[in-house]
Amino acid sequence: MKSAVVSVFILVILVAWPVSAGKDLPGEGGYGGDEEEDTKSWFPLDNLLSLSYYDKICPNFEKIVDTKVREWTKTDPSLGPALLRLLFHDCGVTGCDASILLDHKESERRSPASKTLRGFELIEDIKSEIEKSCPGLVSCADILTAASRSATYQLGGPYWPNAYGRRDSTNSYARDVEKVPSGRRDITGLLETFQSYGLNILDLVVLSGAHTIGKAYCGTIQSRLYNFNATHGTDPSIDPKYADFLRRKCRWASETVYLDATTPVVFDNQYYINLQNNMGVLTTDAELVKDPRTAPLVKAFAEQPPPTFRHQFAVSMAKLVNVGVITGEDRTGEIRRVCSKSNSKRY
């Protein structure tokens, strides 16, 4: 009981963040204003990014992104969660530098671990449209950042202010994909990875909440269902009825299952309630509720109203999208003409 009370207290403190300020919400007079000092305090990881970066050089940037995301997700709603996953895989390797979008031999995109990633064509479509209005000015890294937020917001998730000015990486290596947290990692391994990004245990629990939407391929969980710990049985920590459902659903590795079985298309805190009820799909989901370092936070998010989770998700996302960015002062970056190809390198 004491740990749960402490975790709720932590949540109350950390959600007190300027994202709720009226001027930073869509439709309320812009995306952050011109107060540079405010920008510096909100984005401590890289002060070279700016909330007003495209206001003069490409004022329709976010409108184009929002329109394209809406068009594509209307036809294929699964692209919303896919874009968020694509962003995680980009930021989780060498930082938010659009390296995941490069398509050449032995690139991150060609790694076996990336084969289920989707949304590349949508990002290219956005880039093509933006090049008509603002040629050579908008990076693919900024496009991916904006598109992921737009998709999350359109799914009922939170809005957060994005600072822009990223450059695109010219390098991408398949071997680096090993850095991305997998669904089979333990909590210690996940924490070490998040800490290397400058993120903390709260960010880990909150960003795992992205599993409130989207699906997982059954191939990632079949070992939990049919051969747990080489026993030819099912992970006993899964609720028996839910385990039976998953076994029937996941006979083939290519099948998919919702990460949130209760409200799969609603961006809410049901994911944490499911974890409390032993209905986590991935190994990492189940570990969050078992580990004494993360279990109190899972319990707190499960018991708090959904806006508490959504607000904190915005805070953690605003931190994540600043991880390892390349800016105009870095000579290693560029603004790609096509997101899948480097301007300066031939592979």
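**Exercise 1. Is the crossing of α8 and α13 left-handed or right-handed?** Describe how these two helices pack.

*Before you start.* This is a predicted model, in which local features need pLDDT of at least 70 and side-chain atom pairs count only at pLDDT 80 or more, while totals for chains, interfaces and linings use all residues. Residues are numbered from 1 along each chain as its sequence is written, and side-chain values use heavy atoms, with hydrogens and water left out.

*Solution.*
Step 1. Find helix α8 at residues 201–208 and helix α13 at residues 295–303; helices are DSSP runs (H or I, at least four residues) and strands likewise (E, at least two), numbered from the N terminus.
Step 2. Their axes come within 10 Å and cross at roughly 50° (axes are lines fitted to C-alpha atoms, for helices over the stretch in contact, with angles from 0 to 180 degrees between N-to-C directions).
Step 3. That angle makes α8 oblique to α13 (under 35 degrees is roughly parallel, over 145 roughly antiparallel, 65 to 115 roughly perpendicular, and the rest oblique).
Step 4. The crossing of α8 and α13 is right-handed (the near helix is turned clockwise from the far one by less than a right angle).
Step 5. Now the side chains: Ile201, Leu202, Val205 and Val206 of α8 meet Leu297, Val298 and Phe301 of α13 (contact means heavy atoms within 4.5 Å).
Step 6. Sorted by class, this contact has seven nonpolar, no polar and no charged residues (Ala, Val, Leu, Ile, Met, Phe, Trp, Tyr, Cys and Pro are nonpolar, Asp, Glu, Lys and Arg charged, and the others, Gly among them, polar).

**Exercise 2.** Work out how α4 and α14 pack.

*Solution.*
Step 1. The axes of α4 and helix α14 (residues 306–320) come within 11 Å and cross at roughly 45°.
Step 2. The two helices are therefore oblique to each other.
Step 3. On α4, look for Leu84, Leu87, Phe88 and Cys91; on α14, their partners are Phe313, Met317 and Leu320.
Step 4. The class count for α4 with α14 is seven nonpolar, no polar and no charged residues.

**Exercise 3.** Describe the contact between α3 and α5.

*Solution.*
Step 1. Helix α3 spans residues 61–75 and helix α5 residues 120–133; their axes come within 10 Å and cross at roughly 145°.
Step 2. α3 passes α5 in a right-handed crossing.
Step 3. Contact residues include Lys68 and Trp72 of α3, and Glu121, Asp125 and Glu129 of α5.
Step 4. By class, this contact has eight nonpolar, one polar and four charged residues.
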